[in-house]
Amino acid sequence: MGTDSRAAGVLLRRASTLHLQTGNLLNWGRLRKKCPSSHREELRDCIQKTLNEWSSQISPDLIRELPDVLECSVAHAVEKINPDEREEMKVSAKLFIVGSNSSSMRSAVEMACSALGIAQLDSVIIASPPVEDGVNLALEHLQPYWEELENLVQNKKVVAIGTSDLDKAQLEQLYQWAQVKPNSNQVNLASCCVMPPDLTAFAKEFDIQLLTHNDPKELLSESSFQEALQESLPDIRANEWVPLWVLRYSVIVKSRGIIKSKGYIIQAKRRDT
């Protein structure tokens, strides 16, 4: 582990960007934690195990190359969708913005498409972007992100786009402003046991699907990412690295409703020194 960590440390000191991909978690076998208590725990476990697997297989060629962008993945878990089966699959993603601006959304979608070997995602839901403490999420916070999603729809990289945790007033404002309308809105049932009647009525009138979720408000913080890095790779300066976004995807067989694949993709950048 020490040698692995030292090699990883050399690479991370020279790189400016880290792309971390779990591949299909259903292919992880012994690596997979049987029953994570939450999505947050699952993600942190995924980050650590992906780093451990990647660092144990660093080649001498990679160390000689010292790439600026490090691709860190669990090789045996990578699984692309068979083109002959694409029409039978629904590929959905949820994007969590951690520390980046709206321009990173395109790279997140393109990385997901590349990882799965497909041309477009069937749906992308954006988790509410972070706002300062004590500030309520307003349309102006969402607009730059939504415009990026609209561009992705217009460029046929995404079919449908949706929101998360918007109340009726927020959803109505977005709907009236947006060129590409939201087709879904996720509601966290931990914050309300019953769907708010005004939200339900608005969604029904404008054909917006209401879905439920149990993601925490903050799926990955800067500090928890750095702690996961440090625990896996003790020889690196983890506090130099900042996560930008997390994309969680799932591939579902339409006719049977079963999950064929699911995984996480994370992008992080090294702080300018």
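Close-up 1. Phe 206 is partly exposed, with a relative accessible area of 30%. Buried means under 20% relative accessible area, exposed means over 50%, and partly exposed lies in between (1.4 Å probe, protein chains only). This is a predicted model: local features need pLDDT of at least 70, side-chain atom pairs count only at pLDDT 80 or more, and totals for chains, interfaces and linings use all residues. Residues are numbered from 1 along each chain as its sequence is written, and side-chain values use heavy atoms, with hydrogens and water left out.

**Close-up 2. Aromatic rings around Phe 206.** Three aromatic pairs turn up in a search of the whole structure. Rings of Phe, Tyr and Trp (its six-membered ring) pair if their centres lie within 6.5 Å; planes under 30 degrees apart count as stacked, over 60 as edge-to-face and the rest as tilted. Tyr 175 and Phe 206 have ring centres 4.8 Å apart and planes at 50°, so this pair is tilted. The pair links distant parts of the chain, 31 residues apart. Tyr 175 sits in helix α6 (residues 168–177), and Phe 206 in the loop between α7 (197–205) and β7 (209–213). Helices (H or I, at least four residues) and strands (E, at least two) are DSSP runs, numbered from the N terminus. Phe 202 and Phe 206 are also tilted, because their planes meet at 45°, with centres 4.7 Å apart. Phe 202 is buried, at 5% relative accessible area. Tyr 175, Phe 202 and Phe 206 form one aromatic cluster.

**Close-up 3. A charge over Tyr 175.** Tyr 175 counts as buried, at 17% relative accessibility. Lys 181 lies over the face of Tyr 175, at 5.0 Å from the ring centre. A charge sits over a ring if NZ of Lys or CZ of Arg is within 6 Å of the ring centre and within 35 degrees of the ring normal.

**Close-up 4. The largest nonpolar core.** This core has 46 residues. Those with the most contacts inside it are Leu 121, Leu 149, Trp 245, Leu 247 and Ile 265. A nonpolar core is a set of buried Ala, Val, Leu, Ile, Met, Phe, Trp, Tyr and Cys residues joined through side-chain atoms within 4.5 Å. Elements that each supply at least two residues include β3 (89–97), α4 (104–116) and β8 (241–253). With eight residues, α4 gives the most to this core. Another core, of 34 residues, lies apart from it; among its residues are Ala 8 and Leu 51.
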